[in-house]
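Student: I've got this model open and want to go through it quickly. Please start with the charged side chains.

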Amino acid sequence: MNTSALGWIGLGKMGNPMAKRLLNAGYPLAVYNRDTTKTDEFIELGAKRAVSPSSLIDEVTIVFVMVSDDKAIDDLFKGANGLLTSAATDKIIVNMSTVSPAISKEMARLCREKGNYYLDAPVSGSVKQAEDGQLVIMVGGDEATYRKTEALLSILGKMSLRVGDTGAGNTAKLAINTLLAVQAQGLAETMVFAENNGIQKTDLISLIHNSALGNIFMKIKGDAVINQNYTAVFALKHIAKDLRLAKAEGIASPLADTVYQSFQDAEPSLGSEDIIAIIKTI
């Protein structure tokens, strides 16, 4: 395999379109996913299938990771045939998953011990933004390492910004997703209040969208409620997980506490539905 090849681990809803952008940009790509069927379409597009994380990192220069949570990261790095079991050195691992700052600091330390480099680089945006390369990427880690990945990140997002040392990207993402939860809860409560007092949902969303409060999130999620379409774009279980991570980092403000409890309560029954399904609890 070309020594300038890239590696991608995690081909879920977000990882799939992000990896495709690198492949379509002409970069040799090796892919790994626990469910190997998710790699099939990439092989048809010209990517190489890696049989394990350790074999993948042996063959590439930069590895991108997009998986679900801290446990998945721990398994991926430290498990059997994990990234850290390889003897490879001078590789860069870019972890784009939304995970805790603590696990990023641990993995960065373990990578340094192996002679490798680590960046935490979670993203803001959903599937459509991933497909269009319009994600916002917040990065924690060494400045020089970030600069080596900046051109690649520009293929994945409309903006990347190094916000500090290891873990800072994760912290920024938890801050943003707390605001996301507040907006989802606020929109849901507003729509219920208005409808209970005789205002049509369609009229309310039209007013919001054309006011100073209007934004893409409000429009998309408002339309989802109007159409009763709660198919997960960003699953409620994921925001519940992110709020747990934020709470563990010390956030304890009135709104953060409120949305934390709302989404924890909703997760058992609505976890697989979209974040805006929180309206069903109001």
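**Charge pairs, surface and interior**

Tutor: Glu143 is partly exposed, with 31% relative accessible area. Here buried means under 20% relative accessible area, exposed over 50%, and partly exposed in between (1.4 Å probe, protein chains only). This is a predicted model, where local features need pLDDT of at least 70 and side-chain atom pairs 80 or more, while totals for chains, interfaces and linings use all residues. Residues are numbered from 1 along each chain as its sequence is written, and side-chain values use heavy atoms, leaving out hydrogens and water.

Student: Which side chain does Glu143 meet in a salt bridge?

Tutor: Arg147, at 2.6 Å from N to O. A salt bridge is a side-chain nitrogen of Lys or Arg within 4 Å of a carboxyl oxygen of Asp or Glu.

Student: Where do Arg147 and Glu143 sit in helix H7?

Tutor: They are four residues apart in H7 (residues 143–156), so about one helical turn separates them. Helices (H or I, at least four residues) and strands (E, at least two) are DSSP runs, numbered from the N terminus.

Student: How is Arg147 classed, buried or exposed or partly exposed?

Tutor: Partly exposed, at 45% relative accessible area.

Student: And how many salt bridges does the structure hold?

Tutor: It holds 18. One of them pairs Lys78 with Glu106, with the closest N and O atoms 3.0 Å apart. Lys78 is in helix H4 (residues 70–78) and Glu106 in helix H5 (residues 101–113), so the pair ties together parts 28 residues apart in sequence.

Student: What is the relative accessibility of Lys78? And of Glu106?

Tutor: Lys78 has 40%, so it counts as partly exposed. Glu106 has 26%, so it is partly exposed too.

Student: Why do such pairs form?

Tutor: Side chains of opposite charge can pair when their charged atoms come close.

Student: Which side chain does Lys201 meet in a salt bridge?

Tutor: Glu195, at 2.7 Å from N to O. Lys201 is partly exposed at 21%. Glu195 counts as partly exposed at 41%.

Student: Which residues do shared partners join into one network?

Tutor: Glu143, Arg147, Glu150, Arg162 and Asp165. Back to Glu143 and Arg147, then, whose own bridge is 2.6 Å.

Student: New topic. Which residues form a nonpolar patch on the surface?

Tutor: Met159, Leu161 and Val163, with about 240 Å² of accessible area together. Patch members have over 30% relative accessible area and no salt bridge, with nonpolar side chains (Val, Leu, Ile, Met, Phe, Trp, Tyr) joined within 5 Å and like charges within 9 Å. The areas are Shrake-Rupley with a 1.4 Å probe, and for residues only the protein chains shown count as cover.

Student: Where does Leu161 lie?

Tutor: In strand E9 (residues 157–164). Leu161 is partly exposed, at 42%.

Student: What about Ile155, buried or exposed?

Tutor: Buried, with a relative accessible area of 16%. Ile155 lies in helix H7. Ile155 and Asp242 are 87 residues apart in sequence and 26 Å apart in space, C-alpha to C-alpha.

Student: Now the cavities. How many of 30 Å³ or more?

Tutor: One. The largest cavity has about 30 Å³ of space. On a 1 Å grid over the protein atoms alone, a cavity is a set of points where a 1.4 Å probe fits but cannot get out, and lining residues have an atom within 4 Å of a point. Points are joined across faces, edges and corners, and the volume is the space filled by probe spheres set on them.

Student: Which residues line it?

Tutor: Leu243, Ala246, Lys247, Ile251, Ala256, Asp257 and Tyr260 line the largest cavity. H11 and helix H12 (254–270) are the elements that give two or more residues to that lining.

Student: Backbone next. What is phi of Asn81?

Tutor: Positive, about 60°, although Asn81 is not a glycine. Asn81 lies in the loop between H4 and strand E5 (92–95). Asn81 is partly exposed at 48%.

Student: And phi of Asp90?

Tutor: Near 60°, a positive value in a residue other than glycine. Asp90 is placed in the loop between H4 and E5. Asp90 is exposed, with 53% relative accessible area.

Terms used:
On a 1 Å grid over the protein atoms alone, a cavity is a set of points where a 1.4 Å probe fits but cannot get out, and a pocket is an open set with protein on both sides within 12 Å along at least five of seven lines; lining residues have an atom within 4 Å of a point.
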